[in-house]
Amino acid sequence: MSRYTGSINRKSRRLGFSLLENDKEFIKGKQRRYAPGQHGNRPRKLSGYAEQLQEKQKMMFLYGLNDRQFRRLFKIAQGMSGPLTMNLFIVLESRLDNLVFRMGFAPTRRSARQLVNHGHVLVNGKKVNIPSYLVSLNNEISLSNKIKDSEIVKQGESNAKFNFVNVDLKNKKGTYIRYPEREELPQDINETYVVEWYKRLV
C-alpha cells in the first residue's frame, strides 16, 4: 500500500478525525464531519474488525505512512520496554519529519517531509534527508540558512506548542528533550485497537 497523497480534507471527513490536528478541515464551507458521498451522513455501526481498521488508518494517515513503513515501526516498538501502545506513539513521534512539524518548522507533516527530503534539515549540525530517521533524545534539529525565512516555515510556527521539545523559533532550531506523554498526543485515536490489529500481522 502506497502513502496517501490525496485530499487531507476528504480523508479527514472519511475518518471523522482531523489529520491536521487543528480541525481546519471542518471549519470551511458547511463544516461537514460526515464521510463524503451521498450516503456519508448515514450512521454506521462498525464491527470489531472495522473499528480496528479505522483506528489503524487514523494513525497511519495522521503520520503520513504506508502500511509497510507502519509495520516496520511497530516491530521497533515491540522491541522496547514498557507498554506497547505508548511505545508505538513514541516511535512515531520520534521520526524526523514529525519532529520538524512539532517544532513549528512546517505547517503540516507533509510539508515537513518535503523539507527533509530536499536537504533543508540538520540533526546535530549534519544534514539528514531521510524523513523516517528516528531522532534520539537530546538531539538538536535545525534548518538550513537557505530555508529559515521562507513562507512555508513561517506558516508552521503555531505548531510549536509541545513541552517534549525545546524550540528556538527565532533561530529555527530545537531539541528533543523527552518522550511525549499520552495526554499530549491526539485523543481521538484508540491505540489499543491499532496494536491489536498489527499483533495479528507482525
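## Strands side by side

In which sense do strand β1 and strand β3 pair, and over how many bridges? In this predicted model, β1 (residues 121-123) and β3 (residues 140-143) pair in the antiparallel sense, over 3 bridges. Look for valine 121, and you will find it opposite leucine 143 in β3.

Strand β3 also has a link to strand β5 (residues 173-176): 3 bridges join them, and they run antiparallel. Here glutamate 140 stands opposite threonine 175 in β5.

## An enclosed helix

Now turn to helix α4, which spans residues 84-93. Of its 10 residues, 9 are buried, so the helix is largely enclosed by the rest of the structure. Among these buried residues are Leu84, Met86, Asn87 and Phe89, and Glu93 is on the list as well.

What do the buried residues of α4 pack against? Their neighbours are the helices α2 (48-62), α3 (67-78), α5 (96-102), α6 (109-117) and α8 (191-199), together with strand β5.

## Rings that meet

A search of the whole structure turns up 5 aromatic pairs. One of them is formed by phenylalanine 70 and tyrosine 198, which are stacked, with 5.1 Å from centre to centre and 5° between the planes. Because phenylalanine 70 lies in helix α3 and tyrosine 198 in helix α8, this pair ties together parts that are 128 residues apart in sequence.

Are these two residues buried or exposed? Phenylalanine 70 has a relative accessible area of 0%, so it is buried. Tyrosine 198 is buried too, with a relative accessible area of 0%. Ring pairs also bring in Phe74, making a cluster of Phe70, Phe74 and Tyr198.

## Charges over rings

The charged end of arginine 109 sits over the ring of tyrosine 63, at 4.7 Å from its centre. Elsewhere in the chain, arginine 200 lies over the face of tryptophan 197, 4.8 Å from the ring centre.

Let's finish with a single residue. Glutamate 191 is part of helix α8, and its relative accessibility is 13%, so it counts as buried. Leaving aside residues up to four places away in sequence, glutamate 191 touches Met59, Thr85, Phe89 and Arg182. With arginine 182 there is a polar contact between the two side chains, at 2.8 Å.

Lysine 58 gives another view of the fold around this residue. Glutamate 191 and lysine 58 are 133 residues apart in sequence, yet their C-alpha atoms are 9.7 Å apart in space.

Terms used: Residues are numbered from 1 along each chain as its sequence is written. This is a predicted model: local features need pLDDT of at least 70, side-chain atom pairs count only at pLDDT 80 or more; totals for chains, interfaces and linings use all residues. Side-chain values use heavy atoms; hydrogens and water are left out. Two strands pair if DSSP finds at least two bridges between them. Helices (H or I, at least four residues) and strands (E, at least two) are DSSP runs, numbered from the N terminus. Buried means under 20% relative accessible area, exposed over 50%, partly exposed in between (1.4 Å probe, protein chains only). Contact means heavy atoms within 4.5 Å. Rings of Phe, Tyr and Trp (its six-membered ring) pair if their centres lie within 6.5 Å; planes under 30 degrees apart count as stacked, over 60 as edge-to-face and the rest as tilted. A charge sits over a ring if NZ of Lys or CZ of Arg is within 6 Å of the ring centre and within 35 degrees of the ring normal. A polar contact is a pair of N or O atoms within 3.5 Å; within protein, one must be able to donate a hydrogen and the other to accept it, and residues adjacent in sequence count only if both atoms are side-chain atoms.
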